[in-house]
Amino acid sequence: MSTRKKYHVTQREDGTWQGKAQGGQRASVIADTKKEAMADTIRIAKNKPSSQVIIHKQDGKFQEERTYGGKDPYPPKG
């Protein structure tokens with residue numbers, strides 16, 4: 001089983017939002033709004049064989065996660 005590439009969407013100190021690979025040095029995405037950063041980060045994640053986008057609130061706390069590609073052993077119901 002391959003390891004998922006994880007991206008975090010967080011707010012930066014200057015008020016902009018970023019999408020950054022976990023363990024990465026630089027942001028893959030920088031946007032003025034959270035909505036834009038999420039959309040661009042999700043687009044990148046969907047191009048990977050198995051990835052996860054972890055979205056944080058403005059205060060940095062966890063909000064939600066989204067998984068793309070690969071076979072999820074616990075897919076959502078409904």
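What follows is a conversation about a predicted model of one protein chain.

Visitor: What makes up the chain?
Guide: One helix and five strands. Read along the sequence, they follow the pattern β-β-β-α-β-β.

Visitor: In what order do the five strands stand in the sheet?
Guide: The order is S3-S2-S1-S4-S5, in an open sheet with mixed pairing.

Visitor: Why are strand S3 and strand S5 said to stand at the edges?
Guide: Strand S3 (29–31) and strand S5 (62–69) each have a single partner strand, so one side of each is left without a neighbour in the sheet. From one strand to the next, the twist averages 15 degrees.

Visitor: What makes strand S1 and strand S2 a pair?
Guide: Pairing needs at least two bridges. Five bridges join S1 (residues 5–11) to S2 (residues 17–21), so the two count as paired. They run antiparallel. Within this pair, Tyr7 stands opposite Ala21 in S2.

Visitor: Where does helix H1 lie?
Guide: H1 lies across S1, S2, S3, S4 and S5. Its direction is at about 165 degrees to S4 (50–56).

Visitor: Why is Ile44 called partly exposed?
Guide: Ile44 has a relative accessible area of 24%. Buried means under 20%, and exposed means over 50%. The value for Ile44 falls in between, so Ile44 is partly exposed. Ile44 is found in helix H1 (residues 34–46).

Visitor: Which residues does Ile44 contact, leaving aside its neighbours within four places in sequence?
Guide: Tyr7, Ser28 and Val29. Ser28 is 16 residues apart from Ile44 along the chain, and their C-alpha atoms are separated by 8.7 Å.

Visitor: How do you know whether Gln18 is buried or exposed?
Guide: Its relative accessible area is 14%. The cut-off for buried is under 20%, so Gln18 is buried. Gln18 has its place in strand S2. Not counting residues up to four places away in sequence, Gln18 touches several residues, including His8, Val9, Ala27 and Ala37.

Visitor: What makes the link between Gln18 and Arg12 a polar contact?
Guide: The side chains are joined at 3.3 Å.

Visitor: Why does the pair Asp14 and Arg12 count as a salt bridge?
Guide: Their closest N and O atoms are 3.9 Å apart. The limit is 4 Å, so the pair qualifies. Side chains of opposite charge can pair when their charged atoms come close. Asp14 is exposed, because its 55% is over 50%. Arg12, at 30%, is partly exposed.

Visitor: How many salt bridges are there by this rule?
Guide: The count comes to three. One of them joins Arg43 and Asp40, with the closest N and O atoms 3.0 Å apart. These two are three residues apart in helix H1, which means that about one helical turn separates them. Asp40 is partly exposed, at 26% relative accessibility.

Visitor: How do you know that Arg66 and Glu64 form a salt bridge?
Guide: The N to O distance is 3.0 Å. That is within 4 Å, so the pair counts. Arg66 is partly exposed at 29%, and Glu64 is partly exposed at 27%.

Visitor: How many residues does the chain have, and what share of them count as buried?
Guide: There are 78 residues, and 31% of them count as buried. The accessible surface of the chain comes to about 5700 Å². Carbon and sulfur atoms account for 47% of that surface.

Note on methods
Residues numbered from 1 in each chain as written. Predicted model: local features only at pLDDT ≥ 70, side-chain atom pairs only at ≥ 80, totals over all residues. Heavy atoms only, no water. Helix = DSSP H or I, 4+ residues; strand = E, 2+ residues; numbered from the N terminus. Buried < 20%, exposed > 50% of the residue type's maximum accessible area, 1.4 Å probe, protein only. Contact = heavy atoms within 4.5 Å. Axes fitted to C-alpha atoms, helices over the stretch in contact; angles between N-to-C directions. Polar contact = N/O pair within 3.5 Å; in protein donor to acceptor, adjacent residues only side chain to side chain. Areas by Shrake-Rupley, 256 points an atom, 1.4 Å probe, with all protein chains shown as cover. Salt bridge = Lys/Arg side-chain N within 4 Å of Asp/Glu carboxyl O.
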